[in-house]
Number of protein chains: 2
Amino acid sequence: MHAVILSIGDELVLGQTVDTNSAFLSAELATLGIGTLYHQTVADDQLAIATAIRQASSSAQLVLISGGLGPTDDDLTRQALAEAMGVDLVRDEASIEAIKAMFDRIGRPMSKRNEIQAMHPRSSQMISNDCGTAPGICAELNGAVIYVAPGVPHELFAMFEKSILPQLQQYKASRHVILTAKVNTFGLGESHVAQKLEGLTDRDRNPLVGTTVSEGIVAVRVRSEFADRATTQQQLDRTIEQVQQRLGAAVFGREDETIQQSLVEMLRQRGMKVATAESCTGGLLGEMITQVSGSSDVYIGGWVTYSNEMKEALGVAAALIERHGVVSQPVVESMASCAALRCGADAALAITGVAGPQGGSVDKPVGTVWVGLAYRNAGEQAEYKTESLLLKLTGNRRAIRDRAAKSAVQMLRLRLRGEPNRRIVIRQAHV
Amino acid sequence: MHAVILSIGDELVLGQTVDTNSAFLSAELATLGIGTLYHQTVADDQLAIATAIRQASSSAQLVLISGGLGPTDDDLTRQALAEAMGVDLVRDEASIEAIKAMFDRIGRPMSKRNEIQAMHPRSSQMISNDCGTAPGICAELNGAVIYVAPGVPHELFAMFEKSILPQLQQYKASRHVILTAKVNTFGLGESHVAQKLEGLTDRDRNPLVGTTVSEGIVAVRVRSEFADRATTQQQLDRTIEQVQQRLGAAVFGREDETIQQSLVEMLRQRGMKVATAESCTGGLLGEMITQVSGSSDVYIGGWVTYSNEMKEALGVAAALIERHGVVSQPVVESMASCAALRCGADAALAITGVAGPQGGSVDKPVGTVWVGLAYRNAGEQAEYKTESLLLKLTGNRRAIRDRAAKSAVQMLRLRLRGEPNRRIVIRQAHV
């Protein structure tokens, strides 16, 4: 089975927005063994969309379309699909009710405009949307199955995973079983990871091992393909084990697990509570930790000590700042100790640095970041021990702040594992 | 003149890489007044590429192709172009010399493989490449002009700017000029925005007005197309003005400006300093504000009062929390006042809510968020006034936290503008 992927929108054809939906859909189809013939991006023009749909349905057995299902006049995908199919649009009462219920939940009347979103080509089916008002559509044309989903990426992703993917499972190539896994690492550059995986990453190896890097996280992807499920799984597990052995403490999780989820889980197991004190990251570290639902079990809270007066209010001595500068080892360790002491946390993480693009100097160029940790064993009344780490990060402001916060998370993870910190924490935003 | 843009590569069709070249090329063409009919992404398959080239050259007067010019077996664009043109490949001696010189510069011998890169379809011309080994190709088919450039983005960008763009200028003068603009809004749902823009969004209007939504930000895109630059600009400006008038205070910026950039600029103009106190957003609001380089001029810092003990340490009375619950108007206003008082800020924003997925109740379901503001005029020593807003957000944890933080930013923006807050702040994460 082959697929064609269409993405609809003036903003795409005009180059104002980069189309990420098509790549997402292709990658998902690939896991089912369904190849993609081509992607096509079409403007909000009913005739052009209808033509593209006709052509796609003649070339492939599966057509995935994203975009053009909104309530406004420039959303024309449903009309174009009906045109291509040579049918009229009919109203789906269940969808009207669902859209009304959605508006009820948020305490607003449904706009007349949204009624169009309950219309679909005669003989097609609606696909419910849990994240927005636009239901999707499933239809047939020229023997091809056509799915239309909203263009808003997170609505598309959710609808694909929940409603479209399960229906596509039936087309999955039956010959081989393909299983994939992802091992997530932080603290080693991609080329360093590749070096440690030497031999495992040969292109003709099965299971196949490759790496991808995103936001400082180097993911090792393993793809196992054998005749039967048992062998495929066994071989997958064996390769994963080899990968984990070679990469050691840099590994923090599998599949979609984030480094902060791993930290929250480790703290929970130990019954420990943590606090934060942030300068250049401005709250990002706290935000990251609290992305984890249930993080209130382990996270007390923190201070965003963006200005010197806030650092002093936290308890950092003005003289310390004056003598060493705000971006310094004594200041970051003092920030961590003060934060821990103030709320009685078992551990506190602190960050101070130059995120840029302004504020760099010869001594402390943009990307210079100190990360500090104060800690004691859970429930202990002893004094806090402190440690700190100097990062020299590259990249833009966003990248520097992101890697700084992740490095702080990793620093505490390694401490909890009893690993020395200098060995592993990332020193570059890009490598 | 209209264009079709083709991008070639298995990694694109497989979804391993997101195609950014097509958006780049479309945006560049738009500035010349050349509209793009569609983008198509094709696999490394000679027949498929040749078919796509034939079709594109029949539909448009200009075809831009990126990718498939490398030295390896899966680079087949030049062969496919020759096939589509019905000619053979010939060798270009000047290009061979240029490729050899390129290898000399980096001190490596030229591989035999690279010779293919000096081949081009008979009757076509080579385009020199200053950044890599693959020269581009310029050809004609079905009356259309075809340009082929390397797929590596920085090589494509360089070749386009240096060699292709100057040649395209000739098509520009006598034709239409297209100018686009984006007006960003927050606080109104997309259908509400569409309602307010009624008439302006007609599909046959010029300038054309459309909306797109991303992360709660509804962007109004305007596309103006007239014979001369002056009229195009004038009409664009006039439509933008109409859009701004209809959407009023919901408009916060143009093009890539974020809502927090707008707030930071407003505070800077007024010489005001702000602080934050966050519960369910865990630091996200501080992080957002400090995304803006130079935000230290207006942002003092904040408290992440994730636990009740941190709220009490900030100064919120335990009795208040006990009587009204942590997610309540008295608590959020107390958080804001305490934060402002503690650091002497002119304004402080506070957020407390149920971000989910756990923690909801019948009274306060997931998505219930209170946003509070304490403020006084810059430099004033008077008591703080407080106001607050109840949000009923939908979506997942990430969306709820994002909209809560943006609503807080918007709340202060509206206060600084002297607009009533209840009228405008978003109550939905999606819609």
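Colleague: In strand 14 of chain B, what is the bridge partner of Gly302(A)?
Modeller: That's Val304(B). Strands here are DSSP E runs of at least two residues, helices are H or I runs of at least four, and both are numbered from the N terminus. This is a predicted model, with local features needing pLDDT of at least 70, side-chain atom pairs counting only at pLDDT 80 or more, and totals for chains, interfaces and linings using all residues. Residues are numbered from 1 along each chain as its sequence is written, and chains are lettered from A and ligands numbered from 1 in the order in which they are written.

Colleague: In which sense do strand 14 of chain A and strand 14 of chain B pair?
Modeller: Antiparallel, over 3 bridges; pairing takes at least two DSSP bridges between the strands. In chain A that strand covers residues 299-304.

Colleague: And how many residues of chain B are in contact with chain A?
Modeller: 71, against 68 residues of chain A, where contact means C-beta atoms, placed from the backbone, within 7 Å. Helix 2 of chain B gives the largest share of its side, 7 residues.

Colleague: What percentage of chain A is buried?
Modeller: 51% of its 431 residues, buried being 20 or more other C-beta atoms, placed from the backbone, within 10 Å of the residue's own.

Conventions: A residue is buried if 20 or more other C-beta atoms lie within 10 Å of its own, exposed if 12 or fewer, and partly exposed in between; C-beta atoms are placed from the backbone. Two residues are in contact if their C-beta atoms, placed from the backbone, lie within 7 Å.
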